[in-house]
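Subject: Structure handover

Hello,

Here is the structure I promised. Please load it first, then read on for what turned up.

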Amino acid sequence: MRMPLIAGNWKMNGSLALVEEFGRAFADVSLPVNVEVSLMVPFPFLEAAGRALGETSVTVGAQTLSDRPSGAFTGEVSAAMLRECGARLVLVGHSERRTLFAEDDAAVLARVKAALAEQLTPVLCVGETLEEREAERTEAVVLGQIEAVFGALDEAERARLVVAYEPVWAIGTGRTASPEQAQAVHAAIRDCLARYGAGLAGGMRLLYGGSMKADNAAELLAQPDIDGGLVGGASLKVDDFLAICQSAG
Ligand code: PEP
């Protein structure tokens, strides 16, 4: 049985006041016990988020990390630092990192390995652009991104990942993949992972991301191969994010 995960990605948004607001709101509600919730906040808010959410079951995560353990890399943040500041999960390969910061598959793999080395859970993001979908290259692109990472890890490492399928054309656009479109890609990812073992494929949590909102989450999460959501814009509004968490239970 795969425990659903709802992860909020604040991107470069939010404030310490918003962190406090989330802490108060989550302390006052009971989340479904069978749902894991995590909030991926900007680096400077990690410790405050850990404190604010400390009395809740919500974990804190980061949005990227360096591929190096330490050294003269001005501006970078290592996996060990994230861990020390309370992060338990970290996004890797988000499409904004791939396109705006030129992180290719090799860079994504290096970051996954850096996260694993410090016991962080990498949430590996994959997804196709609109152009790639229209050229009927969705599976080739998405499964290529999956293979580039899973093919380079050993069995124990693979089992520690979470995968987020995020069609690039649906991120921040208000244009959500239909439940059928999302389910088809999730099923293809699970089939692909079965090459590494039925146990891995059956246990791997596959999140959907791309304009998931309070009013479309339930039908996406009802799909058999969708095990949670990676939520951007709607994770900045406490009521919307809570409603999505509740609909995963
Ligand atoms: C994201 O940033 O991962 C994302 C899915 O954003 P949004 O929900 O705003 O589309």
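Which residues does UniProt place under "binding site"? The unreviewed entry gives Asn-9, Trp-10, Lys-11, Gly-172, Ser-211, Gly-232 and Gly-233. They are spread over 225 residues of sequence, yet they cluster in space, with a largest C-alpha distance of 13.7 Å. Asn-9 and Lys-11 are among the residues that line the largest pocket. Keep in mind that this is a predicted model.

Asn-9 sits in strand β1, residues 5-9. Is it buried or exposed? Asn-9 has a relative accessible area of 4%, so it is buried. Leaving out residues up to four places away in sequence, Asn-9 touches Met-40, Gln-63, Leu-91, His-94, Leu-230, Val-231, Gly-232 and Ser-235. With His-94 there is also a polar contact between side chains, at 3.5 Å.

Trp-10 belongs to the loop between β1 and α1. Its relative accessibility is 0%, so Trp-10 counts as buried. Beyond four places in sequence, its contacts include Phe-22, Leu-39, Met-40, Pro-42, Phe-45 and Leu-236. Gln-63 and Ser-235 also touch Trp-10, and both are on the contact list of Asn-9.

**The ligand**

There are 14 residues around the ligand. Lys-11, Glu-166, Gly-172, Ser-211 and Gly-232 come nearest.

- Lys-11: 2.7 Å from a polar side-chain atom to an oxygen atom of the ligand.
- His-94: 2.9 Å from a side-chain N or O atom to an oxygen atom of the ligand.
- Glu-166: 2.6 Å from a side-chain N or O atom to an oxygen atom of the ligand.

**The active site**

Which residues does UniProt list for "active site"? His-94 and Glu-166, again from an unreviewed entry.

His-94 is in the loop between β4 and α4. With a relative accessible area of 5%, His-94 is buried. Apart from residues up to four places away, His-94 touches Asn-9, Lys-11, Cys-125, Glu-166 and Ile-171. A polar atom of the His-94 side chain also lies 3.0 Å from the backbone nitrogen of Glu-96.

Glu-166 is in the loop between β6 and α9. Glu-166 counts as buried too, at 5% relative accessibility. Its contacts beyond four places in sequence include His-94, Cys-125, Val-126, Glu-128, Ile-171 and Leu-230. A polar contact of 3.4 Å joins the side chains of Glu-166 and His-94.

**The cores**

The largest nonpolar core has 72 residues. Phe-26 and Ile-189 have the most contacts inside it. Which helix gives the most to this core? Helix α5, residues 105-117, with six residues. Another core, of eleven residues, lies apart from the largest one and includes Ala-7, Leu-89, Val-162 and Ala-164.

Best regards

Notes:
Residues numbered from 1 in each chain as written. Predicted model: local features only at pLDDT ≥ 70, side-chain atom pairs only at ≥ 80, totals over all residues. Heavy atoms only, no water. UniProt positions renumbered as here; feature names shortened; annotations may be inferred. 1 Å grid on protein atoms, 1.4 Å probe; cavity = no way out; pocket = protein on both sides within 12 Å on 5 of 7 lines; lining within 4 Å. Helix = DSSP H or I, 4+ residues; strand = E, 2+ residues; numbered from the N terminus. Buried < 20%, exposed > 50% of the residue type's maximum accessible area, 1.4 Å probe, protein only. Contact = heavy atoms within 4.5 Å. Polar contact = N/O pair within 3.5 Å; in protein donor to acceptor, adjacent residues only side chain to side chain. Core = buried A, V, L, I, M, F, W, Y, C linked by side-chain atoms within 4.5 Å. Near = heavy atom within 4 Å.
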